[in-house]
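Here's a quick tour of one structure, with an eye on its sheet and its sulfur links. Have the model open while you read.

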Amino acid sequence: MEILAGDASQSPSTYTTRVGNRTFSTGNSAWVYYGADNSITYTVPAGQTVTRFFFKAVSTATGNSSIGNFLDAITFTADNSIITTSPVAANCTNNVVSINARGDGNWVAHTDNPSATTIANTRANNTTISGFSVPGVYLYDWVTSYCTSTLTVNYTAPVIALPTTTQDTYTYCVGQSATTLSATADTGFTLHWYDVATGGTELTAAPTPSTATAGTFMYYASQSNGTCEGARLPFTITVNAVPNAPVGSNVVYCQNTTAAPLTATADSGNTLHWYTTANGGTELASAPTPDTSVTGSTNYFVSQKSAAGCESARTTINVTVNAPATQPTSFTIASEACIAGTNPQASLNTGTTTGGTFTSSDPARLVIDPVTGIINLAASTAGTYDVIYTVQADAANCLARSFSTNTIVIKALNPADVAFTYATVCETSANIFPVPASAATFTTGGTYTPSSGALVINPSTGEINIAASTPGDYTVTYSVTANSTSCTDAAVSAAIPVTIKQLSVPNTIYSYNPVCGLATTLTPQTDPGFVRGGTFSTTAAAGLLSINPVNGEIDLTTSTPGTYTVFYNLPQDNVNCIAAAINIPATVIITAPTVPVTQFNYSSTSVCSSTTANLTVQEFTGFTRGGTFGYTQGSGLAINTTTGSIDVANSTPGTYDVFYTVLPDVTNCIAGATSTPVRITIVPTTTPEVGFTYETNYCYGTGTVTPFTNPGFNTTGTFTVTGGLSINATPGQLSLANATPGSYTVAYTVAADPSNCALGNTTSFTFNLAGEIEFAVDGACEGPSFIISTTPVNNSFNDAAASYEWTTASGVTVGDNSENFNVSKYISSVNNPVYPMVFNVKVTVGNCTKTLPYTVDGITCQIQRGISPGGTAGLNDNFDLSGFGVKKISIFNRYGKEVYSKTNYVNEWHGQTSNGDELPTGTYFYMIDSESAGQKTGWIYINRAL
C-alpha cells in the first residue's frame with residue numbers, strides 16, 4: 001500500500017506525492033503498526049489549506065487490488081516539534097542562537113525570562129534569538145494550532161548591573177527643548193545607547209529626544225566590560241501635544257464707560273492664562289478688566305494650557321478705548337458792536353450741530369437769547385465778553401460735550417479826542433497846521449474857529465495862512481458832533497494859543513588868537529550872545545587850513561602854518577525869528593615850531609656785566625636838554641632817563657638800543673624829536689659749571705672709578721685729591737685697587753678768563769673706601785644638630801650690622817639671615833640627601849659683599865638608641881641614618897650573630913632580618929661604615945608594641 005497526499009480540491013488521481021516516500025506491506029495473519037517512531041511524515045506545501053490523504057492498494061494476497069487492505073487505528077498528528085536540540089548554550093561572545101521547528105507556529109518568549117530578548121521572526125520555522133543580557137535560563141515556546149513545544153537556552157555571562165541615572169522618565173511638550181539623556185557606567189565599563197529594548201543598532205551618542213511629534217518614545221542604555229554587555233535600562237519620553245491658541249475677539253470701548261473682564265474660548269479640559277506681553281512676562285491672576293479712563297489701544301494676550309501642562313501660543317486681544325468725538329459747534333458773530341448800535345446775532349456755521357445753547361461769559365452784563373443768539377445791547381454793559389455755544393454729550397454715539405467760543409467787544413460811547421497844538425512861527429514862515437496830541441486817536445471831521453478875524457484859518461483843516469495874517473497872539477478852538485458809526489461823543493477843545501512873531505538882528509562878533517603849529521586845535525573866541533547855527537569857511541587853498549564849518553574849530557594837526565581869513569555866514573532862522581548875517585570875517589595866524597638837536601653817544605658801547613663804572617652820555621653840539629632817555633628792549637637796562645647814565649652792575653646782560661626823545665613844547669613852539677638809537681651791549685659774566693660726584697662709598701678692591709659730572713660741566717679745569725691717591729687731572733679718574741681704606745677728598749678748579757667775561761670756580765667731593773670683609777666659616781655639632789657658623793676676622797666688620805644669605809651649590813636660598821645655618825634641619829627636609837654637600841654664605845656689610853663656600857661630607861652628631869615598629873604610624877618605626885652617608889651596616893643579636901646587613905643604607909631597617917623576618921623585642925648591636933665618620937659601633941633597642 002502507498003499513501004498519497006495532495007490538495008483536497010483536486011482529484012486523488014492527480015496526486016504524485018507519496019507520504020513517507022515509501023510503500024507499506026504485511027501478511028494476512030497479523031496487524032502491523034507503522035509510524036510509531038513518527039517516521040511517516042508529510043510536509044504541507046505553503047498555501048494548501050485543506051489536505052486529502054489517499055490510501056491506495058498496490059498489491060493484495062488475492063491479487064485483486066480493488067479489494068484493498070484492512071486499515072485500523074489510523075491517526076494523523078501534526079508534526080510541530082522543535083528541531084533544535086534543547087538546551088542551547090549561549091554566552092556574551094556567542095549571543096545569537098539559531099532555532100528551528102516544524103510546522104506552522106509562532107515563537108513566544110516566556111515572560112519570566114531573566115531579560116527581554118529579540119526573536120528575529122516569530123513566525124519563521126528557522127530564525128534567531130539575540131539580545132541576551134542577564135545570565136540565566138531562557139524558555140521559548142513554539143506554539144502551533146495543535147501543540148506547544150518549549151526550547152531552553154542557558155545564557156552564561158558575568159552579572160553586569162544596569163547603568164545608573166538620576167532620571168529615567170521625561171515629560172515634554174511638542175517643540176520644547178529636550179535635555180540629552182544621561183546615564184553613568186561603572187568604572188571600567190563602556191556606556192551604550194539604543195532606541196529598542198533588545199537588538200537594534202547602537203546609537204553613536206547619548207540621544208537628545210525629539211519633541212517634534214506627540215507620543216511616548218523609549219530609549220535604552222546598557223554598559224559593557226569590553227566583552228559582555230549588560231541589560232538595558234529603559235528611558236521613557238512622553239511628548240504631549242501643544243493646544244492651539246484660544247479664540248478671542250478684540251474689544252472697543254468709549255472712554256470712561258464700564259468695562260467687563262476679557263473673555264476667550266479654551267478647548268475642553270484646558271485652562272486660560274492671561275498676560276500683558278506677547279512673550280514672557282508675569283501671568284495675570286485672572287482675566288483683566290480694561291481701564292477705560294485713558295484713551296488708546298492696549299493689547300492683552302491669552303493662552304490655554306492642557307492638563308499635561310503644555311501651553312499654547314498667545315492670542316492677541318486688542319482693547320481700543322476711544323475718546324468721545326468732538327461735535328462741530330462753530331458759529332460766527334460780530335467781533336464788536338457799539339452800545340448804541342443794532343443788536344448783533346450769532347449764526348451757526350454749516351455742519352454745526354443744532355439744538356445747542358448760547359451763553360455769555362458774564363450773563364449779568366451781556367444779555368443773550370440762548371436759542372437765537374441775539375444780544376440785547378440795551379440790557380447789556382460795555383465790555384469784552386465770550387459768547388459760548390454748547391452742545392451736550394451723546395454717550396450712545398460716543399460724542400463728547402462740545403462747545404465753541406467767540407469774543408465780542410461791546411464798545412461804550414468814547415469821548416472825542418480834540419487835543420491839539422500850533423507851533424510858534426515867524427511872520428515869514430510857511431503856513432502851519434494843527435498838531436494832534438495823538439494822531440492815532442484824534443477825532444477828525446470837526447470845525448476850527450479863530451479868536452480874531454486877523455488870523456486867517458481854514459475851518460475844516462485848521463491851516464493858518466501866515467502871509468494873510470497879522471503878527472500877534474491868538475487862540476483857536478476845535479469842535480465835533482456825536483457819531484454813532486465811530487461810537488464817539490460830541491466835544492469842544494480848549495482855546496489853543498497861536499503866536500506869529502517878527503524877525504530880530506543876530507550878534508555875530510568872533511575872533512581867533514595867534515597859535516603855534518604844535519597845538520592840536522584852535523577855537524574861535526565868540527562875543528556873549530553870539531548866535532550859532534551858521535557856517536564857518538575860508539578862502540585858503542584846499543588842504544592849507546582845516547576848519548570845522550559848524551563850530552569854526554581849526555584842526556592844527558592837518559593845517560599848514562601861515563595867515564588865513566575865515567568867514568561866518570548865518571541863514572535866517574524862522575523858528576527863532578532871527579535875520580540872516582553874510583560873510584562876517586576873522587584873521588587866523590599859525591606859527592611853525594623849531595626842530596631840536598637829539599643825537600648823542602656813549603664812551604663805550606660794549607662792557608662786561610661785572611663792570612662797576614657807569615656809562616655816561618656824550619652830547620652832540622646844540623643838544624636840546626629836557627628830553628627823556630629810553631631803550632627798545634623792554635626791561636633789564638638800569639638807565640637814568642634824565643641823564644642817560646647806565647648802571648652796568650645793576651643791568652641785565654644783553655643788547656639794548658638807547659634813544660633820546662624831546663617832546664613837543666607848545667609854549668615855546670619847539671617840535672618833538674627822537675634820536676637815532678645807540679646800541680649798548682652788556683656781555684654776561686659766566687661762572688663755569690664745576691659740579692661732580694663719585695659714589696659716596698666704595699668697597700675694598702674697587703679698581704678705577706670716574707666722576708659723575710653735572711650737565712654743562714666745564715672741562716678746562718684740573719682735578720686734585722688728598723691722601724696720596726693717583727688721579728688723572730683732566731678726566732678725574734682714580735685708581736682704588738691698592739688704596740688704603742679711609743676718607744678722600746677730590747677738588748676741581750677752573751681759572752678765571754677776564755677777556756671772555758668768565759669767572760673762576762672750584763668745588764670738592766669726599767668719599768669713603770671701605771676695608772676688606774674678612775670672615776671664617778666652620779661647622780660643628782651642637783647637640784644633635786650640625787651648625788655652620790661665620791666669624792669676623794680681625795674685626796673687619798660688626799656681625800650685628802651685617803646680613804647673611806645661605807645658598808646651596810645650585811643657588812637655592814636656604815636658612816635665615818643669620819651668621820649660623822642649621823644643616824641638620826635642612827637635611828631633614830631633603831629626600832635621599834647626597835654627600836658631600838656644598839653651601840655658600842654671602843656676607844653683606846653696607847654695599848659690600850663677600851661669599852665663601854663650605855663642604856659638608858656628612859652628619860654624625862647623634863645616632864638614635866631605639867625603634868618602636870608597629871607603634872604610632874610614622875613615628876620611630878625605622879633606624880634612620882639619613883645624613884650619615886652609610887656605605888654599609890651590619891646588625892647583630894646579643895649572641896653576636898649577624899641578623900641584618902645592607903650596603904648604601906639610609907633608613908631601611910625596621911626590626912627585620914635580612915630575609916624580612918620580624919626580630920623580637922630586645923637589644924641589638926650595629927657596626928656602621930660611613931663616609932663622614934668612618935666606622936662606628938653601638939647598640940639599639942627594638943621595642944615592639946604589645
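## Sheet and disulfides

Cysteine 147 comes out partly exposed, at 30% relative accessibility; buried means under 20% relative accessible area, exposed over 50%, and partly exposed in between (1.4 Å probe, protein chains only). Keep in mind that this is a predicted model: local features need pLDDT of at least 70, side-chain atom pairs count only at pLDDT 80 or more, and totals for chains, interfaces and linings use all residues. Residues are numbered from 1 along each chain as its sequence is written, and side-chain values use heavy atoms, with hydrogens and water left out.

Now the sheet. Strands here are DSSP runs (E, at least two residues), numbered from the N terminus, and two of them pair if DSSP finds at least two bridges between them. E9 (residues 136–144) and E10 (residues 148–156) run antiparallel, joined by 8 bridges.

On to the sulfurs: the structure holds 8 disulfides, a disulfide being a pair of cysteine sulfur atoms within 2.5 Å. Among them are these:

| Pair | S to S |
|---|---|
| cysteine 92, cysteine 228 | 1.5 Å |
| cysteine 426, cysteine 577 | 1.8 Å |
| cysteine 516, cysteine 669 | 2.0 Å |

The torsion about the S-S bond of cysteine 426 and cysteine 577 is about -125 degrees, so that disulfide is left-handed. The link of cysteine 516 and cysteine 669 is right-handed, with 85 degrees. Both cysteine 516 and cysteine 669 are buried.

Key
Helix = DSSP H or I, 4+ residues; strand = E, 2+ residues; numbered from the N terminus.
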